[in-house]
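Please consult the sequence and the model shown here alongside the text.

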Amino acid sequence: MLGAYGGSTPHHRQTSFLLDDTVAVDAGALTESLSLEAQARVRAILLTHSHMDHVASLPFLVENVFGRAEGPIEVLAPADVVMSLQSHLFNDALWPDFTRIPNHLLPVFNFRAIEVGKPFRVNGLTAMAIPVWHVVPTYGYVISDESSSIVFSGDTGPTEAIWEAARSAPNMKAVFVECSFPDEMARIADISRHFTPASLHAEMAKFPPDVPVNVYHMKPPTLAALREQVAALDEPRIRLLHDDDFLEY
Ligand SMILES: [Zn+2]
Ligand SMILES: [Zn+2]
């Protein structure tokens, strides 16, 4: 767990996970949390969507690993997310187009547009992107190796398909789900399509049964209220994640 939050302070990093040292899910804070050597070991990055708290470190990571990584890093997401990053971030205005640096045959990273709802292989893992309910095109991921599956919700409010996929995945070991705002901000959560503790609690009925529920993407300014409200749910399955937590399945 490199970044457990949906915002940035000196004590809170933006959303980033790292699986098996080599596959990242989202890139909110990869450069703040990993040494240069560890950054160069990242071979693939799965993106849930284009929002800044999920991609902010991507420009700096590709610059840092220039000449260090073994071959291009793969940045994977469905085509609409890839298009958004090409048009709005790596557009030679906000940041250089590193898919053509040093040249298009030998780039620092490649985008790979993946098909929604279809399993694909990424650095020894199998993953599948499923659309969720957010204000821009956003995808959750079910990710599996030979012995375990886990599911990442992406930024979302109440949704269905990702939980169906999670319930039917073999060896499901853990849910990673967002919860952004406290209950008194339910209106903002609804408009921006995020969970509060109350709406997350209702959503849990759809989760695969009896597996840990790891909560991330808390907005730092409301963290104290969020913690209290999540604790008051009295759900032993729920754990609020922190930066640098290490989980093994
Ligand atoms: Zn976010
Ligand atoms: Zn978002």
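**The second largest pocket**

The lining of the second largest pocket comprises nine nonpolar residues, two polar residues and no charged ones. In this classification Ala, Val, Leu, Ile, Met, Phe, Trp, Tyr, Cys and Pro are nonpolar, Asp, Glu, Lys and Arg are charged, and the others, Gly among them, are polar. This is a predicted model, in which local features need pLDDT of at least 70 and side-chain atom pairs count only at pLDDT 80 or more, while totals for chains, interfaces and linings use all residues. Residues are numbered from 1 along each chain as its sequence is written, chains are lettered from A and ligands numbered from 1 in the order in which they are written, and side-chain values use heavy atoms, with hydrogens and water left out.

- The volume of the second largest pocket is about 170 Å³, a volume being the space filled by probe spheres set on grid points that are joined across faces, edges and corners.
- A pocket is an open set of points on a 1 Å grid over the protein atoms alone, where a 1.4 Å probe fits, with protein on both sides within 12 Å along at least five of seven lines; lining residues have an atom within 4 Å of a point.
- Among the residues lining the second largest pocket are Val65, Phe66, Pro102 and Val108.
- Pro102 belongs to the loop between helix H5 (79–88) and strand S5 (109–114); helices (H or I, at least four residues) and strands (E, at least two) are DSSP runs, numbered from the N terminus.
- The peptide bond from Ile101 to Pro102 is cis, with omega near 0°.
- Most peptide bonds are trans.

**The largest pocket**

- The largest pocket has a volume of about 600 Å³.
- Its lining consists of 23 residues, and Leu18, Leu19, Asp20, Leu247 and Glu248 are those nearest the centre.
- By class, 13 of the lining residues are nonpolar, four are polar and six are charged.
- Domain 1 (1–114) and domain 2 (122–240) each contribute at least three residues to the lining of the largest pocket, the domain bounds coming from an automatic or database domain assignment.
- Asp20 is located in the loop between S1 and strand S2 (23–25) and has a positive phi of about 50° although it is not a glycine.
- Asp20 is exposed, because its relative accessibility is 58%; exposed means over 50% relative accessible area, buried under 20% and partly exposed in between (1.4 Å probe, protein chains only).

**The zinc sites**

- The zinc ion (ligand 1) is coordinated by Asp53 (OD), His54 (NE2), Asp155 (OD) and His217 (NE2), at 2.0 to 2.2 Å.
- Donors are N, O and S atoms within 2.8 Å of the metal (3.2 Å for Na, K and Ca); water is not among the atoms, so sites may look incomplete.
- Asp155 coordinates both the zinc ion (ligand 1) and the zinc ion (ligand 2), which are 3.4 Å apart.
- Asp53 lies in helix H3 (residues 52–55) and Asp155 in the loop between strand S9 (149–152) and helix H6 (161–168), so the pair ties together parts that are 102 residues apart in sequence.
- Asp53 counts as buried at 11% relative accessibility, and Asp155 is buried with a relative accessible area of 1%.
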